[in-house]
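Subject: Structure for you to look at

Hi,

Here is the structure I promised to pass on. Please open it alongside this message and follow along as you read.

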Amino acid sequence: MDKIASFTVNHLTLEPGVYVSRKDKAGDEVITTFDVRMTTPNKEPVIDTAAIHCLEHLGATFLRNHSTWAERVIYFGPMGCQTGFYVLFDEAKLPLDGIVELLKRAFNEAAAWDKEMPGQSPYECGNYRNLDVAVCRKECAYYAQVIKDWTVDKLEYEFRL
């Protein structure tokens, strides 16, 4: 089998940030997958399971309810390695600089979250007890600082294998 795109990124030199992971055609549309890398792979601890689950709820809710860009969000979910998230957008409908700013707002909002957790009931979630807002807020506050000055020209991975 061919090596998939995410396995061509050098995880020994990858630092936290926002990167374009891949672009795929879906009919006439271009779907762009973003690597929202929150921790340094293989060097820093992975994100706690309850915190990553919490951020999945908050991030998806924030993005899918955004007044302007909700229809442009395809997917928001955690990486299996627990070092970040993938977020997919219909790029034709949202310029790259808009995506960077949207992610900054999403992480700042999650870092300050003090309301009821979306989807925190057994009816709404298959593991509703595994949510840790305090740790999630801490992770998001750290990451919001990492990307606060992020720009479109930083979206490309520095090293691919």
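Predicted model: local features only at pLDDT ≥ 70, side-chain atom pairs only at ≥ 80, totals over all residues.

**How the helices pack**

Let me begin with H2 and H3. Helix H2 covers residues 96–111 and helix H3 covers residues 133–147. Their axes lie 7 Å apart, and the two pack at an angle of about 150°. The handedness of this crossing is left-handed. From H2, the residues in contact are Leu-103, Lys-104, Phe-107, Asn-108, Ala-110 and Ala-111. H3 answers with Arg-137, Cys-140, Ala-141, Tyr-143, Ala-144 and Ile-147. Sorted by class, that contact between H2 and H3 comprises 9 nonpolar residues, 1 polar and 2 charged.

Next comes helix H1, residues 49–64, against H2. Here the axes are 10 Å apart and the packing angle is about 130°, so H1 and H2 are oblique to each other. H1 passes H2 in a right-handed crossing. On the H1 side, Leu-55, Leu-58, Phe-62 and Leu-63 make the contact, while H2 brings Leu-102, Arg-105, Ala-106, Phe-107, Glu-109 and Ala-110. This contact of H1 with H2 counts 8 nonpolar and 2 charged residues, with no polar ones.

How do H1 and H3 sit relative to each other? Their axes come within 8 Å and cross at roughly 75°, which makes H1 roughly perpendicular to H3. Ala-51, Cys-54, Leu-55 and Leu-58 of H1 meet Val-133, Val-135, Cys-136 and Cys-140 of H3. The contact of H1 with H3 has 8 nonpolar residues and neither polar nor charged ones.

**The cavity**

Rolling a probe the size of a water molecule over the atoms shows where empty space is left. The structure has 1 cavity of 30 Å³ or more. The largest cavity holds about 50 Å³ of space. Which residues line the largest cavity? They are Leu-55, Leu-58, Gly-59, Phe-62, Phe-76, Ala-106, Phe-107 and Ala-110. H1 gives the largest share of that lining, 4 residues, and H1 and H2 each supply at least two. In terms of class, the lining of the largest cavity has 7 nonpolar residues, 1 polar and no charged ones.

If you want to link this with the packing above, look at Leu-55, Leu-58 and Phe-62 of H1, which are among the residues in the H1–H2 contact and also among those that line the largest cavity. Ala-106, Phe-107 and Ala-110 of H2 likewise take part in that contact and in the lining of the largest cavity.

**The pocket**

The largest pocket has a volume of about 170 Å³. Its lining is made up of 13 residues, and those nearest the centre are Glu-15, Tyr-19, Glu-156, Tyr-157 and Glu-158. By class, the lining of the largest pocket splits into 6 nonpolar, 2 polar and 5 charged residues.

What does Asp-149 touch, once its neighbours within four places in sequence are left aside? The partners are Lys-104 and Lys-154. Lys-104 is also one of the H2 residues in the contact with H3. The C-alpha atoms of Asp-149 and Val-100 are separated by 9.8 Å, and these two residues are 49 residues apart along the chain.

Happy to talk any of this through once you have had a look.

Best wishes

How values were computed: Residues numbered from 1 in each chain as written. Heavy atoms only, no water. Axes fitted to C-alpha atoms, helices over the stretch in contact; angles between N-to-C directions. Left-handed = near helix turned anticlockwise from the far one by under 90°. Contact = heavy atoms within 4.5 Å. Nonpolar A, V, L, I, M, F, W, Y, C, P; charged D, E, K, R; others polar. 1 Å grid on protein atoms, 1.4 Å probe; cavity = no way out; pocket = protein on both sides within 12 Å on 5 of 7 lines; lining within 4 Å. Points joined across faces, edges and corners; volume = space filled by probe spheres on them. Parallel < 35°, antiparallel > 145°, perpendicular 65-115°, else oblique.
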